[in-house]
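Biologist: Could you walk me through some of the words you use for this model? I am new to this, so please set each word beside its definition.

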Amino acid sequence: MNKCTDIENKLSAYFEGDVSPQEQRLIEEHLATCRQCSKALEDIKKTMELVRNLEEIETPPWFKQKIMEQVREEAEKKTGILQKLFFPLHIKIPVEVFATCLVVVMAVYVFKSTSPEIKSLQTPSEQAQIADYPDKQKSKVAPSPPSVSKEKTVPEEGYKKDKAAAPQAMKKAKDVAAPREVLLAPAPAAPILAAPPQPGPARPAKEEAGGKSEVLQSAPSSVGTTEFVHKKKEDIAATDTEAQYRAGRKAAPNKLQLKASVEKKQQIITITVGADNAGTATGEIETMLNRLSATNLKQQSQESIRTITATLPSQKLKELYEKLKTIGDVKENVLLYNIPEGDISVRIEIVNNN
Amino acid sequence: MSNKMDDKIKDGTDEDLEFVLLCRSGDVDAFEVLVERHQKRMLNIAYRMTDNYDDACDVVQEAFLSAFKSIKKFRGEARFSTWLTGILINHAKNRLKQMKTRSMHEGISIDGPVETESGSYNMEPQSPEMPVVEQLVQKEVQVQVQKCVNSLDETSREVVILRDMQGFSYEEISHILKLPEGTVKSRLFRARDALRNCLKKVLGDI
């Protein structure tokens with residue numbers, strides 16, 4: 001029995017020919033005598049046959065196509081990964097550039113849309129500072145008087161030259177003044193023609209006044225009236241303008257604040273006109289400003305100085321300046337170039353020459 | 001490596017190599033030829049391993065896909081079909097593991113095969129008055145054989161499938177399973193004995 005179990009365990013190997021020749025002989029001898037073991041060998045053969053004869057199953061329809069679909073997807077994915085690795089320029093960088101541009105544009109837009117508010121918020125504080133510390137204000141206002149005096153030196157220089165020239169200075173001065181008058185005359189002639197009849201008669205008077213002022217201004221200096229007196233007058237005028245400026249500014253804040261919020265910060269240009277009859281000159285200037293389509297016209301008078309404030313388009317400023325020259329001696333405290341676009345506030349101070 | 005493969009092409013020992021090389025150079029259609037050639041055999045192995053047609057289909061698809069992915073790793077040391085079968089067996093084993101955990105969660109199936117400690121298929125002894133073998137039609141015998149194959153443990157089953165069903169040589173099987181030939185043989189003989197005993201019980205007389 002033991003022998004049979006041993007033999008049975010080796011039957012598979014024997015069947016495969018995987019036993020030593022000695023073992024093979026032993027098994028063959030046993031198989032010849034033992035029916036049970038030869039039956040076991042038969043069973044093994046039959047088992048193997050049964051297994052081998054198991055029916056083959058068929059693949060489902062479209063099995064190959066299904067597999068290939070997955071394989072192709074995988075192949076595409078592989079190239080997709082390669083493209084991402086090697087060609088980052090195709091997608092990433094343009095998107096980044098676009099995003100950066102968008103951020104910059106948004107930042108600029110936000111800044112621009114909020115900046116007027118910031119400015120209008122700053123102005124009251126600045127004004128408060130000016131009001132609180134007159135010293136500071138003086139230093140701020142200071143540039144205007146020196147500029148006035150500087151400009152006043154211009155005719156003085158001319159006068160010095162004249163002085164050096166000859167004792168006939170007075171005559172010469174008249175001569176100099178006359179051609180100027182003549183030269184200026186044709187210029188306003190055209191507006192007169194085009195202008196309504198009302199300003200018409202005013203024009204000759206203005207020219208007369210302009211001419212007179214010119215003559216009178218140069219006359220006393222050339223005669224030799226002490227410069228000291230002249231300077232004193234200047235100082236008075238300067239202090240007066242300063243006081244007026246201060247008063248104007250004090251009265252102005254509300255108006256300024258409103259203007260600032262509506263049309264940003266406006267620049268105020270101050271022009272000083274020296275005329276021998278301030279009253280008539282003021283009237284002339286007012287009508288002239290009306291003609292130049294100026295708005296917000298306001299007149300103020302303080303002892304010797306009459307002030308007109310008005311708003312007019314910047315491109316008309318030059319025209320105004322030219323016309324003011326015909327009325328009297330003009331000194332502006334702001335250079336006429338570098339003027340911003342849009343409406344500009346103009347302040348005309350009419351000062352009596354004597 | 002490539003010399004080995006070229007030699008094999010010249011020898012004609014592996015008719016798949018030509019398409020494998022084409023496939024490695026990026027020709028996806030070449031892989032279709034390989035699928036066409038091997039799909040049926042692969043499905044049969046998978047089916048005998050898993051005993052579930054749908055699972056077998058899934059396993060074959062997975063195996064072909066991973067073969068495509070790693071086709072550059074094929075060194076030509078064995079035939080392509082051997083290499084492919086190795087991949088398939090691994091996938092089938094993984095699937096069996098999943099099925100086991102799945103059935104553990106689902107509970108024991110009542111009409112499923114009952115596995116004993118020895119791994120043999122337990123059944124009521126047949127009544128001598130009605131020998132089953134005579135009443136069963138051919139297909140039913142096959143169902144019983146399959147059941148017996150399934151009753152074998154995994155290591156015995158794969159050897160029986162590869163050797164007795166698919167006719168791979170011991171060398172090829174040892175390559176597929178990465179086992180020494182001696183181990184393959186001893187496993188095979190043990191599997192056959194278990195199978196014979198199972199069939200005896202199921203069919204009464206073989």
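Biologist: Why are α3(B) and α4(B) called oblique to each other?

Modeller: In this predicted model, helix α3 (residues 28-50) of chain B and helix α4 (residues 53-69) of chain B pack at an angle of about 140 degrees, with axes 8 Å apart. Axes are lines fitted to C-alpha atoms, for helices over the stretch in contact, and angles run from 0 to 180 degrees between N-to-C directions. Angles under 35 degrees count as roughly parallel, over 145 as roughly antiparallel, 65 to 115 as roughly perpendicular and the rest as oblique. The pair is therefore oblique.

Biologist: And what is the hand of the crossing of α3(B) and α4(B)?

Modeller: That crossing is right-handed. The word is used if the near helix is turned clockwise from the far one by less than a right angle, and left-handed is used if anticlockwise.

Biologist: Which residues make the contact?

Modeller: Contact means heavy atoms within 4.5 Å. Among the residues involved are Phe31(B), Leu34(B) and Met42(B) of α3(B), and Asp55(B), Val59(B) and Phe64(B) of α4(B). By class, the contact of α3(B) with α4(B) has 17 nonpolar residues, three polar and one charged. Here Ala, Val, Leu, Ile, Met, Phe, Trp, Tyr, Cys and Pro count as nonpolar, Asp, Glu, Lys and Arg as charged, and the others, Gly among them, as polar.

Biologist: What makes Asp55(B) count as buried?

Modeller: Buried means under 20% relative accessible area, exposed over 50%, and partly exposed in between (1.4 Å probe, protein chains only). Asp55(B) has 8% relative accessibility, so the residue counts as buried. Not counting residues up to four places away in sequence, Asp55(B) touches Thr50(B), Arg95(B), Met99(B) and Arg102(B). Met99(B) is 44 residues from Asp55(B) along the chain, and their C-alpha atoms are separated by 9.3 Å.

Biologist: How do you know that the buried residues of α2(B) are on the same side?

Modeller: Helix α2 (residues 17-24) of chain B has Leu17(B), Phe19(B), Val20(B), Cys23(B) and Arg24(B) as its buried residues. They cover an arc of only 160 degrees around the axis, which puts them on the same side of α2(B). The arc is that of the directions from the helix axis to the C-beta atoms. An α-helix has 3.6 residues a turn, so residues three or four places apart point the same way.

Biologist: Now to chain A. Why are α13(A) and α14(A) called roughly antiparallel?

Modeller: Helix α13 (residues 278-291) of chain A and helix α14 (residues 317-327) of chain A pack at about 155 degrees, with axes 11 Å apart. This pair is therefore roughly antiparallel. Their contact includes Ile285(A) and Met288(A) of α13(A), with Leu320(A) and Leu324(A) of α14(A). It has seven nonpolar, no polar and two charged residues.

Biologist: Is His30(A) buried or exposed?

Modeller: His30(A) has 8% relative accessibility, so this residue counts as buried. His30(A) is found in helix α2 (residues 21-33) of chain A.

Biologist: What counts as a helix in chain B, and how many are there?

Modeller: Helices (H or I, at least four residues) and strands (E, at least two) are DSSP runs, numbered from the N terminus. Chain B has ten helices and zero strands. Of its 206 residues, 49% count as buried.

Key:
Residues are numbered from 1 along each chain as its sequence is written. Chains are lettered from A and ligands numbered from 1 in the order in which they are written. This is a predicted model: local features need pLDDT of at least 70, side-chain atom pairs count only at pLDDT 80 or more; totals for chains, interfaces and linings use all residues. Side-chain values use heavy atoms; hydrogens and water are left out.
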